[in-house]
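Visitor: Could you walk me through this one slowly? I am new to reading structures.

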Amino acid sequence: MELLKKNIHMMREKGRTVNRITLEEDCNVPDSQADAERIIQNKAEVKIEDVQVDVDQITITGVLQVCVLYIADTPEHPLGRLDAKLSFKEKQNLPGAVPGENVHLKWDVEDINVSLINSRKLSLKALLAFTASTEEIYDAQAAVELHGVSEVSTLTKDLELLQLVVQKKDILRIKDE
């Protein structure tokens, strides 16, 4: 009896971490705009600029863009809009991370709170959540055929699979004069 085995290349999660950060900043209404009387709506969006991978940790650099719609105190301009950018640079422990490795990063604005301090100043507070993970390729052996035994029946089926062999980050350096 001979058991024929083949290797299957698969990806598995090597390390995962979840981190939450808070951003707080006071923002002034520009002199060219009318005074704020009441806040109607706010919207926040995270823009990731860079992710640096070190041994067992990553550094996330980005900007939180906040847009605030408010009611102004002048009848000729009843609405006002204020845009603000809050920069952040956050270190996060990620077990198993090595430089040059591809890191999957997901982010979410869990909470955004915009309140009036006075008619010319707003308070911005945000809670951001980051989920970072790394993957590794590993091989597992699976039985494919059995030779030399007549009493054993096997059921085989051909399957077409999508195959990803390696996912890496390419770096291209160009020197120009």
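**A chat about the model**

Visitor: How many aromatic pairs are there?

Guide: The count comes to 1 aromatic pair, where rings of Phe, Tyr and Trp (its six-membered ring) pair if their centres lie within 6.5 Å, and planes under 30 degrees apart count as stacked, over 60 as edge-to-face and the rest as tilted. The rings of F88 and F130 have centres 5.7 Å apart and planes at 45 degrees, so this pair is tilted. Because F88 lies in strand β4 and F130 in strand β6, the pair ties together parts that are 42 residues apart in sequence. Strands here are DSSP runs of E with at least two residues, while helices are runs of H or I with at least four, and both are numbered from the N terminus.

Visitor: Before I go on, what sort of model is this?

Guide: This is a predicted model, in which local features need pLDDT of at least 70 and side-chain atom pairs count only at pLDDT 80 or more, whereas totals for chains, interfaces and linings use all residues. Residues are numbered from 1 along each chain as its sequence is written, and side-chain values use heavy atoms, with hydrogens and water left out.

Visitor: Which ring does the charged end of R12 sit over?

Guide: The charged end of R12 sits over the ring of Y138, 4.0 Å from its centre; the rule is that NZ of Lys or CZ of Arg is within 6 Å of the ring centre and within 35 degrees of the ring normal. R12 also has a bridge partner in β6, namely E136.

Visitor: What is the overall make-up of the protein chain, in helices and strands?

Guide: The protein chain has 0 helices and 6 strands. One group of 3 strands forms an open sheet in the order β1-β6-β5, with antiparallel pairing, where two strands pair if DSSP finds at least two bridges between them. In that sheet β1 (2-28) and β5 (103-118) stand at the edges with a single partner strand each, so one side of each is left without a neighbour in the sheet. Between β1 and β6, the antiparallel pairing extends over 26 bridges.

Visitor: And what is the order of the open sheet that holds β3?

Guide: The order is β2-β3-β4, again 3 strands with antiparallel pairing. Here β2 and β4 are the edge strands, each with a single partner, so one side of each has no neighbour in the sheet. β2 is joined to strand β3 (residues 57-72) by 16 bridges, with E45 having Q65 as its bridge partner in β3. β3 is in turn joined to β4 by 15 bridges, and V66 has A84 as its bridge partner in β4. β2 and β3 form a hairpin with 2 residues between them, and D56 in the turn has a positive phi of about 60 degrees.

Visitor: Is E49 buried or exposed?

Guide: E49, which is in strand β2 (residues 36-54), is exposed, with a relative accessible area of 54%. Leaving out residues up to four places away in sequence, E49 touches T61, G62 and V63, a contact being heavy atoms within 4.5 Å.

Visitor: What about Q92, buried or exposed?

Guide: Q92 is found in strand β4 (residues 79-93) and is buried, at a relative accessible area of 2%. With residues up to four places away again not counted, Q92 touches several others, among them T17, Q57 and F130.

Visitor: Is T134 buried or exposed?

Guide: T134 has 0% relative accessibility and counts as buried; its place is in strand β6 (residues 121-147).

Visitor: Last topic, what is the radius of gyration of the protein chain?

Guide: The protein chain has 27 Å, whereas a compact globule of 177 residues would be near 16 Å; the radius is taken over C-alpha atoms, and the globule rule is 2.2 Å times the number of residues to the power 0.38. Along the principal axes, the C-alpha atoms fill a box of roughly 90 × 45 × 30 Å. Buried residues make up 24% of the 177 residues.

Conventions
Buried < 20%, exposed > 50% of the residue type's maximum accessible area, 1.4 Å probe, protein only.
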